[in-house]
Amino acid sequence: MNEVTITIDGLQITAKEGTTVLQAALDNGLYIPSLCNHPDLVPAGLCRVCIVKMDDWKIAISCKLPVKEGMVISTEDPEVQQIRKNTVELLIANHPMTCLTCESDSNCELQRVAHYVGVTPDSLKRYRRSVRSIPMDTSNPFFDIDPSKCIMCGICVRTCDELQNINAIDYGLRGVNSIITTLGNKPIADSRCESCGECVVRCPVAALAPKNTLQPMREVKSVCTYCGVGCGVLLGVRGDKIVGVRGDKENPVNKGSLCVKGRYGYKFINHPDRLKTPLVKKNGELVEASWEEALNRIEEEFSQHKGDQFAALASARITNEDNYLIQKFTRAVMETNNIDHCARL
Ligand code: SF4
Ligand code: SF4
Ligand code: SF4
Ligand code: FES
């Protein structure tokens with residue numbers, strides 16, 4: 001693809017033809033405030049915060065403005081500054097001011113944009129309205145929905161549609177009453193939502209927020225243990241406990257995406273019922289045993305249960321070579337074709 005040269009605030013940058021001005025700026029380390037843009041999604045042009053002025057004095061939203069050779073763009077023109085500040089002030093007019101106790105504090109795009117465009121308590125006064133009183137939807141076991149914090153950027157709706165192809169949520173009602181909701185305005189737990197959390201991780205504010213999370217003190221790169229896809233994960237660790245999981249964007253398998261199991265099903269790791277040693281049945285009860293004792297018992301029992309009274313279930317989380325050995329062992333040693341694999345479930 002051809003490259004074009006454009007100028008943003010006096011700086012010349014190059015960008016691939018077909019890129020938007022916003023993406024070209026971000027790719028070159030230049031910040032243009034935006035709220036409804038996400039690199040994984042088709043630009044929707046909803047928030048109007050990313051406006052810039054072109055050399056013909058027209059104002060345009062940079063997330064939908066394709067780059068053109070020789071284009072000259074201003075992001076700091078006084079008119080641009082005034083319009084985007086007013087836009088953000090209107091967005092915040094009925095937003096809860098609970099940043100200190102908010103799930104998204106310090107990781108909130110609205111906070112970042114408000115600081116950047118220069119919103120101050122004084123400038124907010126003329127627009128300030130009471131916070132929308134809409135009940136939270138806490139029906140999902142993994143995340144909560146707080147419509148009073150929603151800025152209607154549509155990122156969640158587009159994520160569920162464009163990336164997940166599920167369409168569990170959409171825009172509902174009209175005007176100032178607009179909300180993100182499910183078909184029939186049912187609790188999200190009663191909708192077709194699969195709890196993948198992809199919308200939650202992209203929500204720029206805390207309108208979609210994971211339940212009961214603790215901030216990790218460090219992150220450890222690992223691989224999800226659930227299925228054969230082997231998604232890359234970043235385990236959030238605090239002390240010796242895992243307190244959260246993020247998809248690893250650098251992993252070529254999942255590029256940051258996760259399903260409900262990989263993202264939210266991590267509590268088994270520190271669960272008191274987790275098996276950490278082999279259990280052997282003695283007098284009808286399972287008791288802890290050494291590996292040597294357990295393997296001797298397996299050898300003893302297996303030799304007495306050859307043929308079709310035996311079946312083996314292999315695992316998607318072991319190597320192809322190990323799976324090959326299990327089927328070979330089942331067929332050649334245990335003399336049965338009763339062999340299956342958890343990836344079929
Ligand atoms: S969503 Fe952002 S701006 Fe709103 S209360 Fe939370 S941290 Fe503050
Ligand atoms: S959690 Fe997944 S399925 Fe549910 S609304 Fe969000 S993106 Fe859609
Ligand atoms: S819930 Fe979050 S992602 Fe969805 S529209 Fe509201 S602010 Fe945007
Ligand atoms: S980011 Fe361009 S309109 Fe929202």
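Which two domains does the second largest pocket lie between? Domain 1 (3-125) and domain 2 (132-213) both contribute residues to its lining, so the pocket lies between them. Please keep in mind as you look around that this is a predicted model.

**Domains**
- The protein is split into domain 1 (3-125), domain 2 (132-213), domain 3 (214-274) and domain 4 (279-344).
- Taken over C-alpha atoms, the centres of domain 1 and domain 3 are 33 Å apart.

**The second largest pocket**
- This pocket has a volume of about 470 Å³.
- It is lined by 17 residues, and those closest to its centre are Leu90, Leu91, Asn94, Ile151 and Met152.
- By residue type, the lining of the second largest pocket holds 10 nonpolar, 6 polar and 1 charged.

**Ligand 3**
- If you look into the largest cavity, you will find ligand 3 sitting there.
- Ligand 3 has 13 residues around it, of which Cys150, Cys153, Gly154, Cys156 and Cys203 come nearest.
- The shell around ligand 3 consists of 12 nonpolar residues and 1 polar residue, with no charged ones.

**Ligand 2**
- Ligand 2 sits in the second largest cavity.

How values were computed:
Residues numbered from 1 in each chain as written. Chains lettered and ligands numbered in written order. Predicted model: local features only at pLDDT ≥ 70, side-chain atom pairs only at ≥ 80, totals over all residues. Heavy atoms only, no water. 1 Å grid on protein atoms, 1.4 Å probe; cavity = no way out; pocket = protein on both sides within 12 Å on 5 of 7 lines; lining within 4 Å. Points joined across faces, edges and corners; volume = space filled by probe spheres on them. Nonpolar A, V, L, I, M, F, W, Y, C, P; charged D, E, K, R; others polar. Domains from an automatic or database assignment. Near = heavy atom within 4 Å. Sits in = over half its atoms within 2 Å of the grid points.
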